[in-house]
Amino acid sequence: MKQAPDQGALPLDQERASTEKKETENRYRDDVRTLAGKLLTVQDEERRRISRDLHDDVNQRLGAIGLQLDTLSRNLPDSPSVIRRRIRVIRRHVSELSDDVRGLAYRFHQTTVEDLGLVTALQRYLNDFVKRTGISARFTKPRSADSIPLRLATCLYRIAQESLGNVGLHANASQVSLTLVVSSDEISLTVCDDGIGMDLEEVKRRKDGLGMLSMEERAKLLDGTISWCSSPGNGTTVFTRFDPGTELR
């Protein structure tokens, strides 16, 4: 005689399967976040190495070549004037290349954050941004940012870099403002431009916003939040916020 199926077992199995599926998804999400954090850490360490190699090795060698050219020029009293002119041209090119390498080294890593502090580092980066793009900029600074731990300062610097990079490449803006707030309630950074804006839903659908994903992961790693406010024709505002002391937990 056939046994009747247990009608009550099916919903229970479905519930268990649903719970297991959610747990698997949560584990997968946590693993992805952990991996993203490790990748960002490795990326920062690699940038630090390249930055120091550029500054301490390549730039020092260029400086030595420049000095050798100066000596060569001084020790050729009877040489034709055309040779002197060519040496001066080479000397000028070496100096320009040295300046470029120094600038590249400082853009690559947060050495300036470590050495100069977050506010000065941001101001220097903003000055360089204005020079490169021709976009005018305003920086609203806190009285002091000394209380911000280095990891958090580096995170804010990287988010500012990425945001300004997007403004320079995509926004077609004429002005950008940077506001850093340090108070007992919050540490926040706002980057706002008057450019062409974007359709955020479309950007998310394209799934090619690696810069935005990178900024999100940086903020999440330190228990912070980041958001974008934008629409076509209305510029873009990037706002990231952290609780004071969060980074130390």
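The side chain of T133 reaches the backbone nitrogen of I135 at 3.2 Å, and a polar atom of that T133 side chain also lies 2.8 Å from the backbone oxygen of F129; a polar contact here is a pair of N or O atoms within 3.5 Å, where, within protein, one must be able to donate a hydrogen and the other to accept it, and where residues adjacent in sequence count only if both atoms are side-chain atoms. This is a predicted model, in which local features need pLDDT of at least 70 and side-chain atom pairs count only at pLDDT 80 or more, while totals for chains, interfaces and linings use all residues. Residues are numbered from 1 along each chain as its sequence is written, and side-chain values use heavy atoms, with hydrogens and water left out.

**T133 and helix α4**

- T133 has its place in helix α4, where helices are DSSP runs of H or I with at least four residues and strands are runs of E with at least two, numbered from the N terminus.
- At 29% relative accessibility T133 counts as partly exposed, a class that lies between buried (under 20% relative accessible area) and exposed (over 50%), with a 1.4 Å probe and protein chains only.
- The C-alpha atoms of T133 and A173 are separated by 9.8 Å, although these residues are 40 apart along the chain.
- Helix α4 has 16 residues and reaches 22 Å from its first C-alpha to its last, close to the 22 Å expected at 1.5 Å a residue, the expected span being 1.5 Å times one less than the number of residues.
- The buried residues of α4 include L118, L122, Y125 and F129, and just after the helix G134 takes a positive phi of about 80°.

- The structure holds one aromatic pair, and the rings of Y125 and Y157 have their centres 6.0 Å apart and their planes at 75°, so the pair is edge-to-face.
- For such pairs the rings of Phe, Tyr and Trp (its six-membered ring) must have centres within 6.5 Å, and planes under 30 degrees apart count as stacked, over 60 as edge-to-face and the rest as tilted.
- Because Y125 lies in helix α4 (residues 118-133) and Y157 in helix α5, the pair ties together parts that are 32 residues apart in sequence.
- Y125 is buried, with a relative accessible area of 9%, and Y157 also counts as buried, at 1% relative accessibility.
- Q161 is found in helix α5 (residues 150-171) and is buried, with a relative accessible area of 10%, while a polar contact of 2.2 Å joins its side chain to that of R158.

**Strand β3 and its partners**

- Five of the seven residues of strand β3 (residues 187-193) are buried, so this strand is largely enclosed by the rest of the structure.
- Strand β2 (residues 175-182) pairs with β3 in the antiparallel sense over seven bridges, where pairing requires that DSSP finds at least two bridges between two strands.
- β2 and β3 form a hairpin with four residues between them, and S177 stands opposite C192 in β3.
- β3 also pairs with strand β5 (residues 236-242) in the antiparallel sense over seven bridges, with D193 standing opposite T236 in β5.

**The whole chain**

- The protein has seven helices and five strands, which follow the pattern α-α-α-α-β-α-β-β-α-α-β-β along the sequence.
- Of the 249 residues of the protein, 34% count as buried.
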